[in-house]
Structures are given as C-alpha cells and as structure tokens.
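Hi,

Here is the structure I promised to pass on. My notes on it follow below, and I'd be glad if you had a look.

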Amino acid sequence: MSALLAAAGSLEPAARSFLSPTGQEIVFLLVGIAVLGAAVVTVTTRQLVHAALWLVVALGGLAVEFLLLTAEFIAWVQVLIYLGSVVVLVLFGLMLTRAPIGRSPDADSGNRWVALAVAVASAGTLVTLVVDAFRSTWIDLGAGAGSTRVTGEYLFRYWVLPFEALSVLLLAALVGAIVLSRTGKGGRGPRLRPGRTTTVRPARPASSARPAAGAGTSASAGAADATKER
Amino acid sequence: MNLLDTLLRCVAILVVFLVLPLVIGQTEHKVMAHMQGRLGPMYAGGFHGWAQLVADGVKFAQKEDVVPVGADRRVFQLAPAVALLPYLVVLLAIPVGPNGFVGQAVDAGIFFVLAVMGIGVLGSLMAGWASANKFSLLGGLRTAAQLMSYELPMLLAAASVAMAAGTVSLPGIVDAFHWWWIPWQAIGAFVFFTAGLAELQRPPFDMPVADSEIIFGAYTEYTGLRFALFLLSEYAGIVVVSGLTTVLFLGGWHGPFSDSLGWLWTLLKTFALAFVVIWLRVTYPRLREDQLMRFAWTVLIPLALAQLALTGIIKVAIS
C-alpha cells in the first residue's frame, strides 16, 4: 500500500496552502465527493436494498479516505466491521422482513423536508466548526504514522481506560441481547431446545400406541412388542 | 518501489489468479474421478481426460446468458463480480517467498486479508435477492448466516498466531516461525482450516447450495459465464484459504532445507492443503443446517478460545 500512497503524491505537503494541493489531497477530495454522492443516493433511492448497497459504496469510500490519511489499520477495521458485518446484518434484516424488487412506495417519509433541513443545519454547523478549529493546523502524514504498531501503542498506552470501558459496554450489550432473546420464563408451552431439529415425533412410542388402537390382533401384537422389548 | 514495479506485481498476481484456480479445478476433476470411480471426466482429449476443463470452459462460454424477467437486472449482473474480486485482492497480500516475494506487503496483513474476504458474502446476498426467487433468497440468507458464524472462529484462530508472532504482518509471522509452532498452534490450524472450508461453502459445509432441497441456493438463476464466475470464485477461495493456512500455521517458505527455494515450499504446502480440501469433498457427507451452526458455535469457537488462552500462557511463560 505504501507504493500506492507514493504514487498518489508526496506525503510531505510541499507548499502549505489551499491553493496548491498535492496529488494526495486531490485524490482525497475526489474520493470525498464520491462518498458524498453515494451517501445522498443512499437516502434518496426508493429501493430499500439498493439503499443498503449504496451504503457499502459510501463506507468503502471512507475506508479509502482513512488509507489516504495513512491510517491503514483503521481502514481495514472499517472494512472488516462496517462492510463485512454491519451492512451484511442490515441486508439480512431487510431481506428477512421486507425487500420487494422494485420501488417500495411506503419508504417515502412525510418528514423528508424536515429531515433535509436538520441534515443541512447539522452539516453546516460541523463544517464551520471543523474548518474554524483546524484552519491553520497541518499534520505531516509521514508514511507509517498510522501503522498498526503506532495505533496499538497509542491505544494500549494512552487510551487503555476508554478502551476497557468500551469493552465492558459491549459485553453488557451482548449479555442484554442474550437475555432479551431468551424471553418467556417457562409457562408458555413447550420450549424448543436450542440447537436441535424439531422433527415431529409421535406423541407416544409406537409399541404402546398400537395395542390401544388395534382391536382383534392387538393383544398378540402388543405381546410380541413386549417380548421384543424385554 | 516505483510505479512500474507495482504494476508488474499486479500483473503477476493477475496471472496467478487466472492460472491457479484452473489448476485446482483440473485436480479436483481427476481426484474425484479416481476416488469415486467417475468415468465421465476421464474421456475428453485422450490421456486421463486432460481436456475436460477446456471442454467445461467452452460449454460455459456458449451457454445463453439469461437474466430472469422479475430480477433486479443491475444487481443480478454485478453479484458475480462482487463475489470474485475480494479473492483477487486477497492474493495481493499473501507472501510466497522471502525477501519481498509478495504482491504487496501490507502492514496489517491478517486484518486486511480477513476484512476483504468478508466482503465476498455481499456477492451471495446480492445474487440471492436479485434473482427474484424464494429459494435463491433462502440460499443467500443461509450463505450469509454461515459466513457470519464461521468468520468469528477464523478471526480468533488468526489472532492466536498474531499473538504468538507479536505482529499482524503476514511476512512477519512467517519470519517468526519455528518448527515447534506446529504442535503449539495445531488447534488453531484445525479451527482456521475448517472455518475457511466453511467460508468457501465446500462440502461438507455446502448447506447453502444444497442441490437436494434449495437447488444451488443463491445461484439457481445463473447461467453460462456468470455461473462460471461463481465457480471460479470458489476455486480461487480454495487457493486463498490453503495459502493462508500455509502462511499462518505451516511456516510458509520454511522447509527442511534451502530457504532460497522458499516459494516452492509455499506452493507445495498450498497444493497439499488444496488436495485435502478436494479429498474432504469426496469423502464426507453434507452437514445439516442446524448441525452446521452448532458446530461453529459450540465446537470451533471454544476451541479457538482455548487456543488463544494456550498461546497467551506459553507466550508469558517464555518471556
């Protein structure tokens, strides 16, 4: 990947100005525009599954942005968790519940103008804030500044406490999910044992059922069964 | 490392990607023919039916490319590419020999490989949904469930090796390898290889494509070249999983003698593992869906966790 970065442009910003961007900054902007476009399509498309698939494009583009900022590890984690798991779970849920091929008319919300206003307002606030906060700050993106070693050292030296707190939070969520999925405290009829197939079995074993059902030959058949069992 | 070098490496990987899966496919034909006494694949072309694969290719190429009327056209046509491309990208990062004999040395190699392989599931989901067919949809969902379940033991087993080597870079792990890692990491190797087999949906883990109940799962509606692309992704997957197991657990280019022939050792071990994959297909019956899930959650994951604990204890004891 370092070769790709080198091909994209010099890592040290030669002239620190907005007006003479390096190749890397241009690529960053272009990918950013693509991500924005994919995100807009995600919320405007009328087909639910297409929305989820455009989300894949948007999140993948974000991974590329992390890569361009030399944060390799974060980029791969983004791919592993968001593309490989979260989107797949979203698709899974959509397909299990409702995902007709073609348009879903009820996917339109009456609140979309309010939502648009809120989105524009929050985006405006964030952009103003970030631009104002980092206007004249430059970070030298030397190769390897976001490598696994550096990330690991930062994470387990300076940020151990938040990391552990997050682990506890996730563990609590996991336990909560298990508890929620095990509803009903007995009493609601026979519970299926997890992990077993629910093959339909006769209510009683065949040997005891047959004498009760038969009339003439039942005694001998029952006797035969009984001897067989002994 | 300049642009030309990068380009050359990419072309080399592409050639490998186009050749090795076909070799595996041909091997599978022959091995199955011998083990099960199948006479069909032994005729085409004369000696041992060497032309069977060519005949298969011609057959796939001349079949009509059908898209069902009710299908979501673009997603349907895109799905085979989404299923195939991750394996091509993963091949970039698998080291074959020492001294930079690798497509592209990725810093967080294990993470990269497992993350990109996880995208392949999107292809099956897209195929299953876009076919506009309830059996395909069920097959796609089964595939997704299986792949999500088996990703966890795979990650845990890989984490154990990374812990042992103290690095997540694939060449770094092979560099740190000693022969006694093989007994030490044996459980992890078993878990990784088995979970990898399940990720490929190969027998005995081919529940999602079970031809007896949901008729080739997500791929029912695919014909001709698009179906061939799905098959190709399966064979490319065999190469990738065997190669990864070689690199992580069997010491990659380390052999009994002459490390300068390292790439040969890697290839030999990879082919031996690929042979085992084919062997398992020939000899094992298919698992049932619930057995499949139970195997992942009650056998593989505890084993992987045990391996992780063992690795940690020995690592602390050594240092």
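To begin with the interface, 35 residues of chain B are in contact with 32 residues of chain A, where contact means heavy atoms within 4.5 Å. Please bear in mind that this is a predicted model: local features need pLDDT of at least 70 and side-chain atom pairs count only at pLDDT 80 or more, while totals for chains, interfaces and linings use all residues. Residues are numbered from 1 along each chain as its sequence is written, chains are lettered from A and ligands numbered from 1 in the order in which they are written, and side-chain values use heavy atoms, with hydrogens and water left out.

The two chains bury about 2900 Å² between them, 76% of it on carbon and sulfur atoms (accessible area, 1.4 Å probe, lost on being put together and summed over both parts). On the chain B side, Phe111(B), Leu122(B) and Trp129(B) lose the most area to chain A, together 21% of what that side buries. Zero salt bridges are found across this interface (a side-chain nitrogen of Lys or Arg within 4 Å of a carboxyl oxygen of Asp or Glu).

As for confidence, chain A has a mean pLDDT of 74, with 69% of its residues at 70 or more (pLDDT is the predictor's confidence in each residue, from 0 to 100). Residues 1–15 of chain A stay under 50, and the model gives them 25 contacts beyond four places in sequence. Residues 200–230 of chain A are also below 50, with five contacts beyond near neighbours in sequence. Where pLDDT is low, the predicted coordinates should not be read in detail.

Best wishes
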